[in-house]
Amino acid sequence: MRRLGTVLTAVVLAGAAVSATAVSATAAPATGAAPAAAPSAACDTGGWGSALKSADARDHQPLKQIRAGQHACYDRLVFEVPTAGGKPVGYRVGYVKELHQDGSGDLIKVGGGAILEIRVAAPSYDPETGKPTYPGKAGQPLPGVDVKGYRTFKDTRFGSSFEGDTQIGLGVAKRLPFRVIQQKNQLIVDVAHS
């Protein structure tokens, strides 16, 4: 009887450890290795959609950094744009058949099953000095952003920085729902896994 009690206690403790691991996996930060996939019921992407999303610019400050991260339900691209007084950053995010560079109209090849074009109202240079603030090169992958092994993101390409906007091509697995949110000095684009 005592042995059965010990076995039941071990099973209960193991179940609690698995539950705690599942909870912490869904709250994982945007950097680091991908957490284990959560059940689809836990992935509330209702209201995200795949239609064009945009907001007017309130401030034009230079882009500082772009980074990517993996979450249980989506992949994330974060644009760091320091703004005065936390003013919103303008953007236009939507699916396109092909990515054409602003200014020249040159075609930029982007890998993946669909292309999400992201335009952020933030130049990749200092407008006063002309010095680059973000080292993107037309048609090249985003510097420091490696999406190998990501579930949704397949490729990234820098388009251009033209007339105050920075243009990015994000190759994704297929046309999937996405959202755009702003938090302090960050513009965030999340693309759902399904």
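Visitor: How many helices and strands are there in the protein chain?

Guide: The model is a predicted one. Its protein chain holds one helix and 11 strands. Read from the N terminus, the elements follow the order α-β-β-β-β-β-β-β-β-β-β-β.

Visitor: What share of the residues is buried, and what share of the contacts joins residues at least 24 apart?

Guide: Of the 194 residues in the protein chain, 42% are buried. Counting contacts between residues at least 6 apart in sequence, 66% join residues at least 24 apart. The accessible surface of the chain is about 10500 Å², and carbon and sulfur atoms account for 54% of that area.

Visitor: In what order do the strands of the five-stranded sheet stand?

Guide: The order of this open sheet is β1-β4-β7-β9-β8, with antiparallel pairing. Strands β1 (53-55) and β8 are at the edges; each has a single partner strand, so one side of each lacks a neighbour in the sheet. From one strand to the next, the twist averages 15 degrees.

Visitor: Which strands does β7 pair with, and over how many bridges?

Guide: Strand β4 (residues 91-96) is joined to β7 by six bridges, in the antiparallel sense.

Visitor: Why is β7 described as largely enclosed by the rest of the structure?

Guide: The description follows from burial: β7 spans residues 114-120, and six of its seven residues are buried, so the strand is largely enclosed by the rest of the structure.

Visitor: How many bridges hold β8 and β9 together?

Guide: Eight bridges pair β8 with β9 in the antiparallel sense. Within this pairing, Asp155 has Gly171 of β9 as its bridge partner.

Visitor: What is the strand order in the sheet of four strands?

Guide: The four strands make an open sheet in the order β2-β3-β11-β10, and their pairing is antiparallel. Its edge strands are β2 (65-70) and β10 (178-183), each of which pairs on one side only. With direction ignored, neighbouring strands of this sheet are turned against each other by 20 degrees on average. Strands β2 and β3 (residues 74-80) run antiparallel and are joined by six bridges. In β3, Asp75 is the bridge partner of Gln70.

Visitor: What describes a pair of aromatic rings?

Guide: The description uses the distance of the ring centres and the angle of the planes. Ring centres must lie within 6.5 Å for a pair, and planes under 30 degrees apart count as stacked. By this rule there are four aromatic pairs. One of them joins Tyr150 and Phe153, with 6.0 Å from centre to centre and 10 degrees between the planes, and it is stacked.

Visitor: Are Tyr150 and Phe153 buried or exposed?

Guide: Tyr150 counts as buried because its relative accessibility is 10%. Phe153 is also buried, with a relative accessible area of 0%. The cut-off for a buried residue is under 20%.

Visitor: Which charged residues lie over the faces of Phe178 and Tyr74?

Guide: For a charge over a ring, one reads the distance from the ring centre together with the angle from the ring normal. Lys53 lies over the face of Phe178, at 3.9 Å from the ring centre. Arg179 lies over the face of Tyr74, with a distance of 5.3 Å from the ring centre.

Visitor: Where are Glu163 and Lys184 found, and are they buried or exposed?

Guide: Glu163 is in the loop between β8 (153-162) and β9. With a relative accessible area of 67%, Glu163 is exposed. Lys184 has its place in the loop between β10 and β11 (186-192). Lys184 counts as exposed, at 75% relative accessibility.

Notes:
Residues are numbered from 1 along each chain as its sequence is written. This is a predicted model: local features need pLDDT of at least 70, side-chain atom pairs count only at pLDDT 80 or more; totals for chains, interfaces and linings use all residues. Side-chain values use heavy atoms; hydrogens and water are left out. Rings of Phe, Tyr and Trp (its six-membered ring) pair if their centres lie within 6.5 Å; planes under 30 degrees apart count as stacked, over 60 as edge-to-face and the rest as tilted. Buried means under 20% relative accessible area, exposed over 50%, partly exposed in between (1.4 Å probe, protein chains only). A charge sits over a ring if NZ of Lys or CZ of Arg is within 6 Å of the ring centre and within 35 degrees of the ring normal. Helices (H or I, at least four residues) and strands (E, at least two) are DSSP runs, numbered from the N terminus. Two strands pair if DSSP finds at least two bridges between them. Axes are lines fitted to C-alpha atoms, for helices over the stretch in contact, and angles run from 0 to 180 degrees between N-to-C directions. Contact means heavy atoms within 4.5 Å. Accessible areas come from the Shrake-Rupley method with a 1.4 Å probe; for residues, only the protein chains shown count as cover.
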